[in-house]
Amino acid sequence: MISTASRSRSKPLDKLEAEIFRKAWELSPSVIIVTKPDGRIEYVNPAFEKVNGYTADEVAGENPRILKSGKQKPEVYAGLWKTISSGGTWTGRLQNRRKDGSLYWESATIFPFCNTKGKILRYVAIKENITAEVGFGDMARKARDEAELLAEQSGTVFWRVDADGLYVEVSPACLKVWGYRVEELVGRKHFYDLHPPEVQEEIKSKALQNFQKKKPFINFLNQITAPDGRPVWVVTNGVPILDAAGKLTGYSG
């Protein structure tokens, strides 16, 4: 089927070893493809047939490009080929098209199989179907975007500060509601820096006293000053964030 020589092995596999590897490939839930140096398919395992809908006979001698979805940039495949043809291992995600035309995502590791002199004899690809994982990620991103849109429309800003009151996370809605960009706040300003100068120290003192008590606060009416100087009245709610030892690490709200 394929040569058994590799860079890390000085002698060929014996018949028992070869049979063990062949059986492992046949039973593997991962898709395995072996091609000749010119890219023509020489071997696929049963998992390939199950995932893609093609039989081994149908793809024998074909190029794996028959699986391309046509939805990925050519640079992806150019980078893949450049890596493996120069002796490296390529790992990444590819979107493929089954025989019936349906699309799926896979996580692929592709590497050259070389003899002891480094000559490439075959290419081996080991792949996992990750469509469900990618789909869940897409749904999570969509839900997050929808939540952010709803928050922006309702005038809600989600925030998190450290134990000193320095912003460590702020939702993008802060631009529409407060007039500040995220990068203007995170790691740069404390919550009390947004209040009018004449009340900053008072706000800071009262808030940090509450921080020491590790208590939540609800419906705290306060005024912040937008970058253009206009006053913005907001109602703030916050809860303490504690580590495993019960130490305060900040507040979120």
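Predicted model: local features only at pLDDT ≥ 70, side-chain atom pairs only at ≥ 80, totals over all residues.
User: Is Trp-233 buried or exposed?

Analyst: Trp-233 sits in strand E9, which covers residues 231-242. Its relative accessible area is 56%. The cut-off for exposed is over 50%, so Trp-233 counts as exposed.

User: Which strands stand at the edges of the open sheet of 5 strands?

Analyst: The strand order is E2-E1-E5-E4-E3, with antiparallel pairing. Two of these strands have a single partner strand each, so one side of each is left without a neighbour in the sheet. These edge strands are E2 (41-44) and E3 (90-97).

User: What is the bridge partner of Thr-91 in E4?

Analyst: E3 and strand E4 (residues 103-114) run antiparallel. They are joined by 8 bridges. Thr-91 has its bridge partner in E4, and that partner is Thr-109.

User: At about what angle does helix H4 run to E3?

Analyst: Helix H4 spans residues 74-85. It lies across E3, E4 and strand E5 (120-129). Its angle to E3 is about 135°.

User: Does Ser-30 count as buried or exposed?

Analyst: Ser-30 is in the loop between helix H1 (15-27) and strand E1 (31-35). Leaving aside residues up to four places away in sequence, Ser-30 touches Asn-45, Ala-47, Ile-126, Lys-127 and Glu-128. Its relative accessibility is 10%. Buried means under 20%, so Ser-30 counts as buried.

How values were computed. Residues numbered from 1 in each chain as written. Heavy atoms only, no water. Helix = DSSP H or I, 4+ residues; strand = E, 2+ residues; numbered from the N terminus. Buried < 20%, exposed > 50% of the residue type's maximum accessible area, 1.4 Å probe, protein only. Pairing = 2+ DSSP bridges. Contact = heavy atoms within 4.5 Å. Axes fitted to C-alpha atoms, helices over the stretch in contact; angles between N-to-C directions.
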